[in-house]
Amino acid sequence: MSRGWGRLIEQLSSLISIQRVTSEDPVLITAQQLQGLKFNLQAQLLLAELDLAREGNNFALRLNQVVVLIEKYFDQTSPPVAAILVELNLLGRTPVKVEYPDISKPLEWLDVRLAAQER
């Protein structure tokens, strides 16, 4: 009985092999994890846009995080993925100066109107 059990375990173990995943191997994720990854990428891009609008220093860092995630989870040889990576790299190197419009005149007008209503 024990010999038969041992042969069964040996045959079953030959059907399953466990290998360590290295950085070159593709990462397999579930549909739910893929959806979460997409939301994470969108959030990182929105936060990068917010950093840019606030003239923060995290804009390039956030773009780099998006690039790292795309390189890790998507096939870089795919034309759409390669195009996204090129665009993100160009965007990260493009100097952007945010110029806000002067809204002091409309605010002064509003202050005058509100002060007139209080009287």
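The accessible surface of the chain comes to about 10,500 Å². Carbon and sulfur atoms hold 59% of that surface. These areas come from the Shrake-Rupley method with a 1.4 Å probe, and for residues only the protein chains shown count as cover. The model is predicted: local features need pLDDT of at least 70, side-chain atom pairs count only at pLDDT 80 or more, and totals for chains, interfaces and linings use all residues. Residues are numbered from 1 along each chain as its sequence is written, and side-chain values use heavy atoms, with hydrogens and water left out.

The chain has 119 residues, and 12% of them count as buried. Buried means under 20% relative accessible area, exposed means over 50%, and partly exposed lies in between (1.4 Å probe, protein chains only). The secondary structure comes to five helices and zero strands. From the N terminus on, the order is α-α-α-α-α. Helices (H or I, at least four residues) and strands (E, at least two) are DSSP runs, numbered from the N terminus. Contact means heavy atoms within 4.5 Å. Among contacts between residues at least 6 apart in sequence, 48% join residues at least 24 apart.

Start with helix H2. H2 has 23 residues and reaches 33 Å from its first C-alpha to its last, close to the 33 Å expected at 1.5 Å a residue. The expected span is 1.5 Å times one less than the number of residues. The buried residues of H2 are Leu37, Leu41, Gln44, Ala48 and Asp51. What covers them includes H3. Just after H2, glutamate 55 takes a positive phi of about 55 degrees.

Glutamine 44 counts as buried because its relative accessibility is 14%. Glutamine 44 touches Arg62, Gln65 and Val66, not counting residues up to four places away in sequence. The side chains of glutamine 44 and arginine 62 are joined by a polar contact of 3.4 Å. A polar contact is a pair of N or O atoms within 3.5 Å; within protein, one must be able to donate a hydrogen and the other to accept it, and residues adjacent in sequence count only if both atoms are side-chain atoms. Aspartate 51 is also in H2. Aspartate 51 is buried, at 12% relative accessible area. With residues up to four places away left out, aspartate 51 touches Gly56, Asn58, Phe59 and Arg62. Leucine 47, by contrast, is partly exposed at 34%.

Now follow H3, residues 59–73. In H3, Phe59, Leu63, Val66, Val67, Leu69 and Ile70 are buried. Seen down the axis of H3, these residues fall within an arc of 165 degrees, so they line one face of the helix. The arc is that of the directions from the helix axis to the C-beta atoms. What covers the buried residues of H3 includes H2 and helix H4 (79–93).

The largest nonpolar core has twelve residues, among them Leu37, Phe59 and Val81. A nonpolar core is a set of buried Ala, Val, Leu, Ile, Met, Phe, Trp, Tyr and Cys residues joined through side-chain atoms within 4.5 Å. H2, H3 and H4 each supply at least two residues of this core. H3 gives the most, with six. Leucine 88 also belongs to this core. Leaving aside neighbours within four places in sequence, leucine 88 is in contact with Leu45, Leu63, Val66, Val67 and Ile70.
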